[in-house]
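Let's walk through this model together, from the whole chain down to a few individual residues.

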Amino acid sequence: MGFVTKLLKYGFYLYLLSSFKSVPGAYFVRFYRHVFKNIFIPLLFGDKGDSGEMQKIQSKLRNDKYGAMAQTKLSTYVSPMECDLYFHKNNATYFEELDVSRCDLMTKIFQSLFANWGKQWPYIPVANVFTNYLKELRPFESYNVYSSIICWDNKWIYVLSRFTKQNDKVLCSLSLTKYVLKERRKTIQPKMALMECGLW
């Protein structure tokens, strides 16, 4: 009986460990990790010269043939606590991964904007998200999330995100997000923001 109890106990611990993404507060850690990595750490502790981490990210973007449309990649897996009663990744949990993926993208593309834009830091609220679910993701199945800016106009920025699995051979979901750049109540035109970042 003691062996069975220990087996169940350690099995339960492994289950909780495998579901770390669903632990209270994990979302904020995963999201703000990119904010600190791409904005705060380079700004506060990085070298201000050409060898600085912020300059490296911006130079890489400027030399990328896609420029402002360069994509970011998030690799993760489906934890058990993300699943619904059909043992598929719950639709609502896709939006957590979208937040994390898009945060990495936007803090890299607009890194210079955050670093140099006046006294009031800009922010980038989501206006709309349109998602199309194509293929299911099962427990412990690994997948990638790719996000990139696909276009903009005088106010809005549109980001396309793709969920893929099996080494990107299978498309599982597509999401289109509409963003707006804000400084308090004032809208920052995407063109001005990209010019500030040297990506126009």
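Of the 200 residues in the chain, 40% count as buried, where buried means under 20% relative accessible area, exposed over 50%, and partly exposed in between (1.4 Å probe, protein chains only). This is a predicted model, in which local features need pLDDT of at least 70 and side-chain atom pairs count only at pLDDT 80 or more, while totals for chains, interfaces and linings use all residues. Residues are numbered from 1 along each chain as its sequence is written, and side-chain values use heavy atoms, with hydrogens and water left out.

The C-alpha trace spans about 65 × 40 × 35 Å along its principal axes. You will find 6 helices and 6 strands in the chain, taken as DSSP runs numbered from the N terminus (helices: H or I, at least four residues; strands: E, at least two). Read along the sequence, their pattern is α-α-α-β-α-α-β-β-β-β-β-α. Among contacts (heavy atoms within 4.5 Å) between residues at least 6 apart in sequence, 71% join residues at least 24 apart.

Now turn to a pair of helices. Two packed helices are described by the angle between their axes and the distance between the axes. For helix H2 (residues 26–45) and helix H4 (residues 93–109), the axes come within 9 Å and cross at roughly 5°. Axes here are lines fitted to C-alpha atoms, for helices over the stretch in contact, and angles run from 0 to 180 degrees between N-to-C directions. H2 and H4 are therefore roughly parallel to each other, since angles under 35 degrees count as roughly parallel, over 145 as roughly antiparallel, 65 to 115 as roughly perpendicular and the rest as oblique.

Within H2 sits Arg30, a buried residue with a relative accessible area of 14%. Its side chain joins that of Glu97 through a polar contact of 2.8 Å; such a contact is a pair of N or O atoms within 3.5 Å, and within protein one must be able to donate a hydrogen and the other to accept it, with residues adjacent in sequence counting only if both atoms are side-chain atoms. Leaving aside neighbours within four places in sequence, Arg30 is in contact with Lys21, Leu74, Thr76, Glu97 and Val100.

Where does the largest nonpolar core have its most connected residues? Those with the most contacts inside this core of 22 residues are Met106, Ile109, Phe110, Ile149, Ile157 and Leu181. A nonpolar core is a set of buried Ala, Val, Leu, Ile, Met, Phe, Trp, Tyr and Cys residues joined through side-chain atoms within 4.5 Å. Helix H4 gives the most to this core, with 3 residues. A second, separate core of 12 residues includes Leu74, Val78, Leu98 and Val145.

Let's finish in the loops. Asn154 lies between strand E3 (142–152) and E4 and is exposed, with a relative accessible area of 62%. Asn154 and Gln189 are 35 residues apart in sequence, yet 5.6 Å apart in space, C-alpha to C-alpha.

Most residues other than glycine have a negative phi. Phe140, in the loop between strand E2 (126–133) and E3, has a positive phi near 70°. Arg184, in the loop between E5 and strand E6 (186–188), has a positive phi of about 55°, and Arg184 is exposed, with a relative accessible area of 58%.
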